[in-house]
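Subject: Structure handover

Hello,

Here is the structure for your files. My notes follow below it.

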Amino acid sequence: MRVKITEAFVGVVLMVLLFAAWLDIKYPAEDWKNMILKIFFGLLVGLVAGLVSANFLTKKLVALAGVAEKLAQGDLTQEVSVHASDEVGLLARSLASLVRNLREVLGQVKASTGSMAQAVQSLTVSTSQVATATTEVAGNIQGIAKGAEKQAASVERAAEVTVQVASAASAIADKSRVTEEHASTSAERSAEGAEAAGEANAAMDDILRHVEKSVEQVSTFKERATEIHSLVEGISTLSHQTHILALNATIEAARAGDAGRGFAVVAEEVRRLSENTRELASQIARLSQEITGRTQEVVSRMEETHSAARLGQKRTEAVSTALERITASAEETKEAVRAISREAAAQALGTSSLNAIMSEIQGVATDNAAGTQEASAATEETTASMDEISQQAQAVLNESNRLRSLVEKFKL
Amino acid sequence: MQKMLVTRIGRRNAGWLTGDLTEVVAAPRLFPLPFPLPYLRGTAFRRGKLVTVVDCHALMGESSPEHEGGLLFRLAHPLSHLAFLVSSVEAVIPYSELSLREDHAEGIWAGLYPWEDLWVNVIKPSAAAAELSQAMATAIHQLAAGRDHAS
């Protein structure tokens, strides 16, 4: 209201001044009545004109003030409906332009805060995923680092083993040369053994022939002993008959009485002779039986000897065959050991080269271990950075939400 | 000069006077007799006569030697139809009737006769023949009685 009065007063003063100026210009020598009337009239006209003009101006300004009031409350949906070509119109157009620009800017800000919130959320999620992935990568790098350390240790052990293998290969080469010499000696000895076995086989043939002859001769002895036994049995029979004859002579001598005394003596001598003969025949029979028994034992032993000699001959043949095979095998062994010696020498050379390669691999493995440790440290730093980014993103998200809440206070 | 043939029959020595014998031969083939007397081994033909052979071992209650053979002592006349089967003759020793101890004479034994540090039971063939004849008569009688009883 105060604004309206001020505006009206200013308008009246301006109208009066304008009217007085016009009178002074048109009527410079009038008197004071006319002058006062003129002034009064001028004042009245100026007052009316000022009131009209003030009312006209106040109405537009009130409309603009209402719009400004709505704008101050955040309502940007207001449209400036004042149309004029004066300063108020200019003000209205400026205000409308301001409203449009502000609406556009706030719309863009609102859209941007939404996009930014989504982006920040995506960034947060991505940061979290990256942090998780980085943690996993860090774990994997830790595993790789441990594996690299183990690899380095394994390579070192492998290098040591390679050295041992090289030493063993060299020793194998030396032993192979010695074994080759032994194989050659074995082949020579086997050949000598085969030759000796052949000679032994021939000797066994001689033994067999001698044994067979001995068996024949001893069998002849046995037959002779059997004949002797038969003869002794005949002698025993004769002795028995002589004994009986002497007994009968004794009986006849006794029957003859004194005349047969001499005959009795003869009969007694004959009886004694027959008893001696029987005793001798008995001894011869025992000896003959003993000879027969011993001869049978000798025959059995000779037959056993013959069987053993035959078996020995077969075994000697088997030994000869085996020695020939051993000789062939020893030759093959010698060739094989020679090949082994060559291969062992090549292996020793190869293991020396392998040792150098293993040394290089050991260096690479050590570098890998150091690199993985550095990578592990880098991933830890990355994890820390991602945590910081996540915190910053969360702060940005919070600011974005706060900005969006501020923007949402405006009605667009 | 009388002599004595010493034989071994079981656990005792038996003596045979040469005057009681007609001959000594190897045991011939024997033909069994149908008498239930264990010491009658059978009969044999000798010099055209049928001779009854008595096993001395069985006669004296001893077990007979398992082996075949042995000697046959054929008694002198009039007992030449009897012969005693012995294993062998251990010795032929001189005999003197003065050395015979007749205080042990009993049955078929004529007495004891010293031989080295042993004693020989001297056989009395006539007594042996008498006991044998008695036993054979009894056996024949029992055999005949058995046949009569059976018929």
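How many bridges join strand E5 of chain B to strand E7 of chain B? There are 4, and the two strands, residues 49-55 and 82-86, run parallel. Within this pair, Val53(B) has Ala83(B) as its bridge partner. Strands (E, at least two residues) and helices (H or I, at least four) are DSSP runs numbered from the N terminus, and two strands pair if DSSP finds at least two bridges between them.

This is a predicted model, in which local features need pLDDT of at least 70 and side-chain atom pairs count only at pLDDT 80 or more, while totals for chains, interfaces and linings use all residues. Residues are numbered from 1 along each chain as its sequence is written, chains are lettered from A and ligands numbered from 1 in the order written, and side-chain values use heavy atoms, leaving out hydrogens and water.

The sheet: E5(B) and E7(B) belong to an open sheet of 5 strands with mixed pairing, in the order E3-E6-E7-E5-E4 (chain B). Strands E3 (21-26) and E4 (40-46) of chain B are at its edges with a single partner strand each, so one side of each has no neighbour in the sheet.

The helix: H3 of chain A (residues 87-256) lies across E3 and E6 (71-75) of chain B, at about 175° to E3(B). Contact means heavy atoms within 4.5 Å; axes are lines fitted to C-alpha atoms, for helices over the stretch in contact, and angles run from 0 to 180 degrees between N-to-C directions.

Regards
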